[in-house]
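Please look over the protein chain shown below, first as a whole and then at two local details.

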Amino acid sequence: MVQKIFILAFFATCHGQLADLLFPRVANTVRQTADSLTNNPVASQATNFAGGLLKNTFNLFTNVPITLARSLTGGDGINGVPGPINDNNLAALSDNFLSEFNFGLGNEDCNLNCDQLITKYGHSVETHDVLTEDGYILKMFRIPSDGPVVYLQHGLLGSADDYIVAGPDSGIAYLLSKEGYDVWLGNSRGCKHSRRHIEMSPSQGAFWDFSWHEVGYYDLPAMINYALNTTGKEKLKYIGHSQGTTAFWVMGSERPEYMDKIALMVALSPVAFMSHMKSPIVRFLAPTGGIIHAFAKTIGLYELAPDNALMRVFRRIACGGGPFAEIMCTNLLFLVAGYNVEQLNVTNLPVIFSHAPSGASAKQFAHYGQEVISGRFRKFDYGSAGNQARYGSSDPPDYDLSRVTAPVSLVYSDADWLCDARDVDMLYSLLPNAIDIHKVPSRNFNHLDFVFAKDVKHLIFERLSKLLARF
């Protein structure tokens with residue numbers, strides 16, 4: 001009885017929508033338990049006690065990452081990166097935050113999908129289904145033109161939507177189209193647009209048995225081939241953000257013949273080595289990533305942060321008002337990705353939250369966690385026995401970056417907590433054809449600002465446009 005009560009209180013504390021999202025199998029059991037306890041006074045009192053205790057525990061763990069961040073950054077920041085708790089914190093903007101956010105809730109873009117948004121802002125759009133060698137069916141969006149082909153690849157938990165939700169004046173896909181490029185937007189396996197397979201369904205664990213290795217080995221080649229075959233062009237220009245760069249390094253290392261099909265690769269927040277990354281939450285969780293991944297598989301949790309009705313409702317509830325809104329919509333976000341009030345378009349947050357996150361495999365997160373711990377850019381670590389069976393060695397092999405021979409431009413920022421300048425320097429030194437490396441001239445520019453910032457056009461696109469024109 002006590003165990004049931006604490007489980008029930010945990011789910012009540014976490015909100016029903018979140019419970020359904022994280023543990024759908026357990027949620028039904030909890031509801032049944034709740035029904036059985038409804039008319040039991042003793043159980044009701046115990047439930048209230050447990051709920052209060054767990055609420056305090058929840059509040060504690062909400063504050064732990066913030067306290068950890070403060071201890072790591074000294075409150076005022078480290079190496080030019082602002083800490084989440086400082087004079088510029090969003091608490092200073094709380095008076096305007098909710099009103100601006102609530103105003104943005106009325107934007108119809110919150111309810112439009114990717115192709116509807118593209119059409120709304122005056123562009124033609126095509127949708128294409130692409131079959132990978134291992135049976136996944138990926139959706140691509142195209143803003144057609146007779147110009148050079150530009151391929152855009154999103155980051156972890158993202159989708160093609162990432163390049164358009166900033167709006168017609170800031171969305172990179174729109175800006176490229178206005179300059180006459182034939183824009184192709186990719187969607188990697190597992191995101192909301194690419195949840196199909198010729199034999200498996202997302203309800204099966206086997207569907208989610210992939211990391212960003214498979215994205216680079218199967219997805220990128222399939223979509224690049226499709227775009228080039230459809231347009232009749234021999235080469236394209238590739239723009240990747242975050243995991244969109246990681247997957248590219250994998251493709252170059254494992255399938256170097258595809259480097260001949262790339263006229264230029266522009267890496268926004270390039271991620272390969274991660275030993276210096278600053279995100280307190282990621283650094284805190286990375287050592288236990290293997291345990292978390294194993295536990296997630298045990299309880300049938302293969303997908304993280306999917307885009308579904310419950311997730312969308314939860315985001316609306318969490319961001320509707322009060323201190324919890326600031327935690328869910330601001331501090332937690334910046335704890336993971338970096339902190340930048342000046343580039344935060346609060347009015348557009350409802351649109352962003354209506355399109356992201358878009359889902360990903362738990363194994364993708366686990367693979368990144370391994371990179372943080374090992375300090376190396378290498379294949380997934382299955383343990384000594386598993387590695388021996390798959391790779392013929394007790395340790396996973398490193399990716400060979402000397403095979404990434406396409407021209408590469410690296411674009412990074414000082415305040416990006418997931419992509420440290422020292423790690424970018426390491427990557428730059430190992431790429432044989434890195435044509436330049438550029439730091440965004442904005443002190444607090446963070447990981448998400450590369451696609452969502454107010455000043456993407458000025459800080460990112462203007463230079464990007466000139467670079468693309470050279471190749």
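## Basis of the model

This is a predicted model, in which local features need pLDDT of at least 70 and side-chain atom pairs count only at pLDDT 80 or more, while totals for chains, interfaces and linings use all residues. Residues are numbered from 1 along each chain as its sequence is written, and side-chain values use heavy atoms, with hydrogens and water left out.

## Overall fold

The protein chain has 19 helices and 11 strands, taken as DSSP runs (helices H or I, at least four residues; strands E, at least two) numbered from the N terminus. Of its 471 residues, 53% are buried, meaning under 20% relative accessible area with a 1.4 Å probe, protein chains only. Among contacts (heavy atoms within 4.5 Å) with a separation of 6 or more, 76% join residues 24 or more positions apart.

## Helices α8 and α15

The axes of α8 (residues 212–231) and α15 (residues 362–374) come within 8 Å and cross at roughly 110°. Helix α8 is therefore roughly perpendicular to α15, a term covering angles of 65 to 115 degrees. Trp 212, His 213 and Val 215 of α8 meet Gln 364, His 367, Tyr 368 and Glu 371 of α15.

## Thr 245

Thr 245, in helix α9 (residues 243–254), is buried, with a relative accessible area of 0%. A polar atom of the Thr 245 side chain lies 2.6 Å from the backbone oxygen of Ser 242. Beyond its neighbours within four places in sequence, Thr 245 is in contact with residues including Gly 240, Met 265 and Leu 268.

Notes: Buried means under 20% relative accessible area, exposed over 50%, partly exposed in between (1.4 Å probe, protein chains only). Axes are lines fitted to C-alpha atoms, for helices over the stretch in contact, and angles run from 0 to 180 degrees between N-to-C directions. Angles under 35 degrees count as roughly parallel, over 145 as roughly antiparallel, 65 to 115 as roughly perpendicular and the rest as oblique. A polar contact is a pair of N or O atoms within 3.5 Å; within protein, one must be able to donate a hydrogen and the other to accept it, and residues adjacent in sequence count only if both atoms are side-chain atoms.
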